Amino acid sequence: MHAAKETAVYTHGHHESVLRSHRWRTAENSAAYLIGELRPGMSVLDVGCGPGTITADLAELVAPGGRVTAVDAARDVVEQARAHAAERGVSGIEFGTADVHALDFPDDSFDVVHAHQVLQHVGDPVQALREMRRVCRPGGIVAARDADYAAMTWYPATPGLDEWLDLYRRVARANGGEPDAGRRLRAWARQAGFTDVTSSATAWCFATPEEAAWWSSLWADRTTASAYAARATGGGHAAASDLAAAAEAWRTWGADPDAWFSVLNGEILCRA
Ligand SMILES: C[S@@+](CC[C@H](N)C(=O)[O-])C[C@H]1O[C@@H](n2cnc3c(N)ncnc32)[C@H](O)[C@@H]1O
């Protein structure tokens, strides 16, 4: 039996500043590569659902007659996802807690198994993909999308953001994750035994003054107030003054009328 490698620590935690960015996500801006595969009546497992905004969209896309099961390792965020679905009046979603390395579902349970921005955080992404495949019916789809931190790019050049990125990548790896996951998804899928893998990439782009202000302020807050801050200082990767400097760099960048930021995301659609 597989011993789940649960050694990875979820780098961001679920501070308000983190959820501010997750709650902006929709199926359209974060799972467009999957939408064309969805049909009314399908069953979908959304692994690492977080606060559940994409989950609720997926439920609407497989209605009528579809069902979505949404799980996350963190119980508190699952409750938030449940509340979000209720607020939107979206039905047909079952919620629960689960570790993607060892899912508590029988083989062949779902038509589609989806994980957005999850595999970069887990201790063994190949095992995670094997589990996602096991619970997906033969011929179904396993879909994953992850950012690639080293491929993030922005303007104007800001040494403080270079330092932020370097520190983030070191902390994420020390926590057991792989921040440059986007480029590795295809390789991980092949290692997990998939032979039919369609790879793509899409970017988020934050370029209006409002988008730059939103993105910079949530990252400034994440850098000093989320679980990431505690892990960066507690792990000896940075002093509180380094985090304050990174937050200041974010705020300065975000106030620049020329500010432009892009997040490259790798995507895979794997036929089970
Ligand atoms: C970056 S968030 C993404 C949330 C959501 N999919 C979205 O895109 O808005 C990653 C989520 O994965 C969850 N997670 C981390 N490790 C996990 C694991 N081993 N099994 C299941 N969920 C996990 C975290 O608790 C967190 O809610």
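Where is the place of D108? I looked it up in this predicted model and found D108 in the loop between β3 (93–97) and β4 (110–116).

**Backbone, phi**

I checked the phi angle of D108 and noted a value near 60°, which is positive although the residue is not glycine. D108 counts as partly exposed, at 45% relative accessibility. I then turned to Q117, whose phi is also positive and near 60°. Q117 sits in the loop between β4 and α6 (125–134). With a relative accessible area of 10%, Q117 is buried. I wrote these two down because most residues other than glycine have a negative phi, and most peptide bonds are trans.

**Backbone, cis bonds**

I looked for cis peptide bonds next. One joins A63 and P64, with omega about -5°. P64 belongs to the loop between α4 (53–61) and β2 (67–72). Another cis bond runs from Y155 to P156, and its omega is near -5°. I located P156 in the loop between β6 (153–155) and α7.

**Nonpolar cores**

Which residues of the largest nonpolar core touch the most other members? I found W164, W215, W250 and W253, in a core of 31 residues. The elements that give this core two or more residues are α7 (159–174), β7 (197–206), α9 (209–225), α10 (227–234), α11 (240–254) and β8 (260–271). Helix α7 gives the largest share, seven residues. I listed the contacts of W164, leaving out neighbours within four places in sequence: Y149, M152, W219, T223, Y228, A246 and W250. A separate core has 29 residues, including A98, V113, C136 and L185. In soluble globular proteins, nonpolar side chains tend to be buried together.

**Cysteines**

How many disulfides are there? I counted zero. C49 is in no disulfide, and the nearest cysteine sulfur, in C136, is 18 Å away. C49 is buried, at 9% relative accessible area.

Last, I looked up E248, which lies in helix α11. Is E248 buried or partly exposed? Its relative accessible area is 48%, so E248 is partly exposed; over 50% would be needed for exposed. The C-alpha atoms of E248 and A227 are 18 Å apart, and the two residues are separated by 21 residues along the chain.

How values were computed
Residues numbered from 1 in each chain as written. Predicted model: local features only at pLDDT ≥ 70, side-chain atom pairs only at ≥ 80, totals over all residues. Heavy atoms only, no water. Core = buried A, V, L, I, M, F, W, Y, C linked by side-chain atoms within 4.5 Å. Buried < 20%, exposed > 50% of the residue type's maximum accessible area, 1.4 Å probe, protein only. Helix = DSSP H or I, 4+ residues; strand = E, 2+ residues; numbered from the N terminus. Contact = heavy atoms within 4.5 Å. Disulfide = S-S within 2.5 Å.
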